[in-house]
Amino acid sequence: MKTRNVRGERHEDDVGCRDERGDLVARQGLEEAHVAQVPVARLLDRHVGVAKEWFPHDYIPYSLGRDYDKEPWTPDQPRLTGVAQTAFEVNLLTEDNLPSYHRLIYKIFSKGDGAWKNWVNRWTAEEGRHAIVIRDYLVVTRNIDPVALERGRMQNVMSGYDHDVNVLQGLAYTSFQELATRVSHQNTGRYSDDPVADKIMSRVALDENLHMVFYRDALAAMLEIAPSEVVTAITREVLTFEMPGSAIAGFVRKAARMADAGIYDLRIHHDDILWPLLRYWRIFERTGLDAEAEHDRDRLHRFLDKLDASARIYEERRAARRERESSAAK
Ligand SMILES: [Fe+2]
Ligand SMILES: [Fe+2]
């Protein structure tokens, strides 16, 4: 980025060292400037004004509960189908990794003022409800083996999660990630065919939506201040995006099952996650970008075209396979 090129006087014998030091100082200064320019106090006030308090226990069907001492879990007890179980497991284990996400966003926004710290803590406290309500539901209804769930949580939390990005890419990451979890939770609830689960996942999705709105509008404000840097940050994030649950054991296989069921697939990622935010930020309508940002925006466009083509191929293959399966079953 142009603004990073602030360096001290060079001496022949330690040019590399001074370059690195100068670059680091410039980078840190830029990070501080960016995090200070986000209207975080206003966005936090707005968030607190619209977020409704809710209680996980209100959503749990405790009347279905039975004593695990007298009646241990057995594989015939779940009422959810296999794919719905997989989706619930992936979504819960993803939520379980909150210690990593807290550490991550604290690190990204740590150069911010008190309002930033209030936001990070408020966000963490709200996110904490998600694993509570989903786990309580699964344990009370016996829809997943509670021992497997606990072992999965241990494995995933111990693996940790990190995403080493600057403030602007951090805002792009959190915007896409909150929208992705909102859609994944919502679709998991619908797919479950259980009105209780659907209500729980809709409630959680509402939280994810408000979180997405906070980060989306924080980045929108930065687009007015540093448009070229934001376009570069968004491009980097879209090209490297991965779901935060990727450290879950067997994630690739589990994600493939969820894609096959249409809970989260390439089409959803392209149509319902990436494009709504890119449109909201008017990324492809902006003028006056510097050469690096123009170049990145071209890369972003090419990437989206390729993703769209891959999504189409995936959908066609899935439809053909379903067709074959249904004719074989007749
Ligand atoms: Fe969440
Ligand atoms: Fe979230």
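Predicted model: local features only at pLDDT ≥ 70, side-chain atom pairs only at ≥ 80, totals over all residues.
Q: How many helices and strands does the protein have?
A: Helices (H or I, at least four residues) and strands (E, at least two) are DSSP runs, numbered from the N terminus. Here there are 12 helices and zero strands. Along the sequence the pattern reads α-α-α-α-α-α-α-α-α-α-α-α. The C-alpha atoms fill a box of roughly 75 × 45 × 40 Å, taken along the principal axes.

Q: What share of the residues counts as buried, and what share of the contacts joins residues 24 or more positions apart?
A: A residue is buried if 20 or more other C-beta atoms lie within 10 Å of its own, exposed if 12 or fewer, and partly exposed in between; the C-beta atoms are placed from the backbone. By that count, 33% of the 330 residues are buried. Two residues are in contact if their C-beta atoms, placed from the backbone, lie within 7 Å. Among contacts with a separation of 6 or more, 84% join residues 24 or more positions apart.

Q: How do helix 2 and helix 5 pack?
A: Two packed helices are described by the angle between their axes and the distance between the axes. Axes are lines fitted to C-alpha atoms, for helices over the stretch in contact, and angles run from 0 to 180 degrees between N-to-C directions. Helix 2 (residues 40-50) and helix 5 (residues 114-141) pack at about 35°, with axes 9 Å apart. Their crossing is left-handed (the near helix is turned anticlockwise from the far one by less than a right angle; clockwise would be right-handed).

Q: Which residues meet there?
A: V40, A41 and L44 in helix 2 meet A115, W116, N118 and W119 in helix 5. By class, the contact has six nonpolar, one polar and no charged residues. Ala, Val, Leu, Ile, Met, Phe, Trp, Tyr, Cys and Pro count as nonpolar, Asp, Glu, Lys and Arg as charged, and the others, Gly among them, as polar.

Q: How far does helix 6 reach?
A: The expected span of a helix is 1.5 Å times one less than its number of residues. Helix 6 has 14 residues and reaches 20 Å from first C-alpha to last, close to the 20 Å expected.

Q: How many residues of helix 9 are buried?
A: In helix 9 (residues 227-240), 10 of the 14 residues are buried, so this helix is largely enclosed by the rest of the structure. The buried residues include S228, E229, T235 and E237. Their cover includes helix 7 (167-192), helix 8, helix 11 (266-280) and helix 12 (291-329).

Q: What surrounds M201?
A: M201 is found in helix 8 (residues 195-225). M201 is buried, with 29 other C-beta atoms within 10 Å. Leaving aside neighbours within four places in sequence, M201 contacts H185, Q186, T188 and G189. The C-alpha atoms of M201 and H185 are separated by 5.4 Å, at 16 residues apart along the chain.

Q: Which residues other than glycine have a positive phi, and where do they lie?
A: Most residues other than glycine have a negative phi, and most peptide bonds are trans. R142, in the loop between helix 5 and helix 6, has a positive phi of about 60°. R142 counts as buried, with 21 C-beta neighbours inside 10 Å. R282 lies in the loop between helix 11 and helix 12, with phi near 50°. R282 is exposed, with 10 other C-beta atoms within 10 Å.

Definitions and conventions
Residues numbered from 1 in each chain as written. Chains lettered and ligands numbered in written order.
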